[in-house]
Amino acid sequence: MQLTREKLIPYGTAAALIIAVAIPFLTDNMFIVNLAVLMLISIIFASAWNLLAYSGQGSLGHAAFFGIGAYGSTLIAAKLGITPFITIFLGAAVAAFIGILIGLTCVRLKEWFLAMVTFGFAIIVQTLTVSVLAPMTGGWDGIPSPRLVSPSIPGYQLIEYYAILLITIAAIAAIWYIMKSRIGLAFLAIRENETEARAAGIDPVRYRLLAFALSAFIAGVAGALQIHHIGYITPELYGVDNSFWPITYVILGGLGTLAGPVIGTVVLTILWEGLKATGITFARYVVIGVILILTIIFLPRGLVSLPEQVQEWIKRRKQKEPVTEAAAE
Amino acid sequence: MDNLSVFLQILFWGLYAGCIYILLATGLNLIFGVMKVVNFAHGEFLMIGAYITATVFFLTGFNPYVILLLSMVALVGIGAVVERLCFRPILGTGKLNEIFLSIGLIYIFQNGAAMIWGDAWQSVKSPYDGITIPIGSLSVPLDYIIIMVVTAVILSGLYLFLKKTTLGMQMRATSQNRKGAMLVGINVERIDIISFGLGCALAAAAGTLWVVSGQVFNPYMGSIPAVKAFAIIILGGLGSIPGAIIGGLLMGLAENGAAFLLGGIWKDAVSFIILIVVLIFRPTGLFGGKEG
């Protein structure tokens with residue numbers, strides 16, 4: 001039986017949706033539901049990073065947009081008393097605006113110069129948050145953030161879970177639509193060969209900025225959701241760790257694919273929590289690091305390419321076997 | 001203190017901080033020059049070098065400036081293993097891939113170190129701690145002067161090695177034209193592994209100097225100096241060792257100036273602000289040519 005990717009997509013999508021909807025029915029344990037919420041948020045964040053990488057731009061400071069979305073949404077919600085369901089998009093719009101500004105400095109840069117600039121940018125934003133902006137942001141101590149769904153409502157955790165699930169599905173659908181549209185084709189063209197893209201009438205600067213804005217917006221939504229879920233915000237959000245996680249998820253799952261960030265996040269989160277149960281602390285990161293390096297070297301297209309890779313390995317094995325038998329004789 | 005001595009004090013701190021950045025940036029430049037690899041995990045080698053020096057110092061009590069050599073030799077070995085196992089298989093698959101791989105290395109080294117040495121901040125007291133030498137109106141710690149001398153010696157040694165020895169010339173040849181070097185019979189893979197090891201040894205030297213100057217260290221200390229070293233080589237021009245020296249000194253001065261004028265919190269941010277401002281006006285770096 002041939003397990004092609006085309007056949008797997010509809011089944012996989014359906015299975016993922018059914019499991020996602022059913023999780024709260026399968027368990028009464030609110031710890032697992034909470035974990036699922038954080039997993040969904042990570043999926044949005046990783047997908048946002050993936051969209052920027054799809055246009056050939058690798059960011060090492062996506063925590064900046066995650067954090068700006070979170071702070072933007074929190075401050076707007078707290079100051080104006082608007083429901084977080086609206087402010088998450090306003091905060092994300094702030095992140096998108098800042099994303100365009102940083103994108104403007106980056107569009108002319110080589111891919112890895114851009115990586116350094118984005119990394120530095122996250123540190124600059126963190127410094128601003130705890131120094132100049134401290135009267136607003138509470139400095140290192142942080143400030144409380146309005147909850148997405150008030151804990152006084154019965155079953156608020158379930159409402160929150162399904163709300164975040166809906167937003168996740170909407171985000172992935174939007175990214176799917178962008179990737180399939182002319183915009184996505186333009187991203188691809190620029191990534192593969194900028195000169196040819198130019199010749200075909202694609203303006204690389206405009207599309208790069210668009211990728212930055214879209215990716216920052218979606219990352220901002222993820223950040224705002226996380227902070228309204230937890231109910232408290234601190235500048236730790238801008239940490240290097242937070243910039244590296246989406247990269248790890250996407251590389252493991254499969255760079256530049258729609259399913260990659262989802263699969264990578266789910267697999268790594270389950271692994272991460274599983275390792276936590278064994279009581280190890282620092283070694284968890286070592287395991288993640290080893291998996292990341294092995295993936296890059298041996299499975300460069302990520303877990304989404306695993307079915308094809310396995311078939312290839314089997315095929316190669318079958319071809320080899322007669323040779324070794326002959327040699328043995 | 002009057003204004004002049006404050007200025008001189010900042011200048012001196014800047015020079016000393018610059019020495020550590022220069023060693024780190026020169027190592028990166030060597031690796032980038034020969035292999036064209038972006039080793040984003042370079043700061044982790046600084047951290048390992050710092051821990052090796054500190055551990056041997058705690059165990060034996062030898063002079064840490066002597067342990068520097070041991071630390072450098074150890075890092076040549078570690079660097080060679082990392083090059084062979086991690087970077088060689090993905091050579092030529094793109095700069096971003098190298099950065100992603102480095103993230104894996106960062107996870108492994110930082111947390112491996114935390115498993116061995118714990119994640120608390122530590123510090124080492126140099127045997128010359130507390131000795132100061134009066135220069136004009138300033139009293140300069142003896143350690144700072146030794147650090148500058150050690151850096152100058154290491155850089156001169158590297159310069160002579162690259163200019164005068166056969167191996168050094170082979171490295172420069174590989175750096176200038178990899179295919180040409182292969183054509184004239186240079187084993188470029190051997191040169192790769194040596195360059196990577198040497199670059200890591202320079203990071204170990206930087207780590208040792210970090211430790212003996214009395215600065216605190218922990219397993220997560222390496223990332224930010226490494227990215228600053230990248231900022232320095234972007235500013236100073238890729239593959240240019242004089243550029244790295246000038247860039248490193250400027251970065252040290254700017255940082256300490258900013259820490260004094262704006263407060264310590266700005267120390268890290270200011271180097272990236274400089275990087276971004278420079279790149280807005282010169283996307284290939286201050287002295288960068290077409291190679292960038």
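B:Lys36 sits in the loop that links helix 1 and helix 2 (42-60) of chain B; helices here are DSSP runs of H or I with at least four residues, strands are runs of E with at least two, and both are numbered from the N terminus. The phi angle of B:Lys36 is near 60°, a positive value in a residue other than glycine.

The model is predicted, and local features need a pLDDT of at least 70, side-chain atom pairs count only at pLDDT 80 or more, and totals for chains, interfaces and linings use all residues. Residues are numbered from 1 along each chain as its sequence is written, while chains are lettered from A and ligands numbered from 1 in the order in which they are written.

Chain B as a whole contains eleven helices and two strands, in the order α-α-α-α-β-β-α-α-α-α-α-α-α from the N terminus. Its radius of gyration is 19 Å, close to the 19 Å that the globule rule gives for 292 residues, so chain B is as compact as a globular protein of that length. That radius is taken over C-alpha atoms, and the rule is 2.2 Å times the number of residues to the power 0.38. The C-alpha trace of chain B spans about 60 × 50 × 35 Å along its principal axes, and 49% of the 292 residues count as buried. Two residues are in contact if their C-beta atoms, placed from the backbone, lie within 7 Å. Among contacts in chain B between residues at least 6 apart in sequence, 76% join residues at least 24 apart.

The two strands of chain B, strand 1 (residues 132-135) and strand 2 (residues 138-141), pair in the antiparallel sense over four bridges, where pairing requires at least two bridges found by DSSP. The strands form a hairpin with two residues between them, and B:Gly136 in the turn has a positive phi of about 60°.

Buried residues in helix 10 include B:Gly243, B:Gly247, B:Met251 and B:Glu255. An α-helix has 3.6 residues a turn, so residues three or four places apart point the same way. The cover over the buried residues of helix 10 includes helix 1 (3-35), helix 9 (223-236) and helix 11 (266-281) of chain B. Just after helix 10, B:Gly263 takes a positive phi of about 110°.

The largest nonpolar core has 189 residues, and A:Met116, A:Val221 and B:Leu24 have the most contacts inside it. Such a core is a set of buried Ala, Val, Leu, Ile, Met, Phe, Trp, Tyr and Cys residues joined through C-beta atoms within 7 Å. Its largest share, 16 residues, comes from helix 8 (residues 188-212) of chain B. B:Ala205 is found in helix 8 and counts as buried, with 27 C-beta neighbours inside 10 Å. Beyond four places in sequence, the contacts of B:Ala205 are B:Leu23, B:Gly49, B:Leu68, B:Met72 and B:Ile154.

Chain A has 14 helices and two strands. With a radius of gyration of 21 Å, close to the 20 Å from the globule rule for 329 residues, chain A is as compact as a globular protein of that length. Buried residues make up 47% of chain A.

The contact between the chains takes 35 residues from chain A and 36 residues from chain B. Helix 5 of chain A gives the largest share of the side of chain A that touches chain B, 13 residues. A:Tyr285, in helix 13 (residues 282-298) of chain A, is in contact with B:Tyr107 and B:Asn111, leaving aside neighbours within four places in sequence.

Methods. Buried ≥ 20, exposed ≤ 12 C-beta atoms within 10 Å, placed from the backbone.
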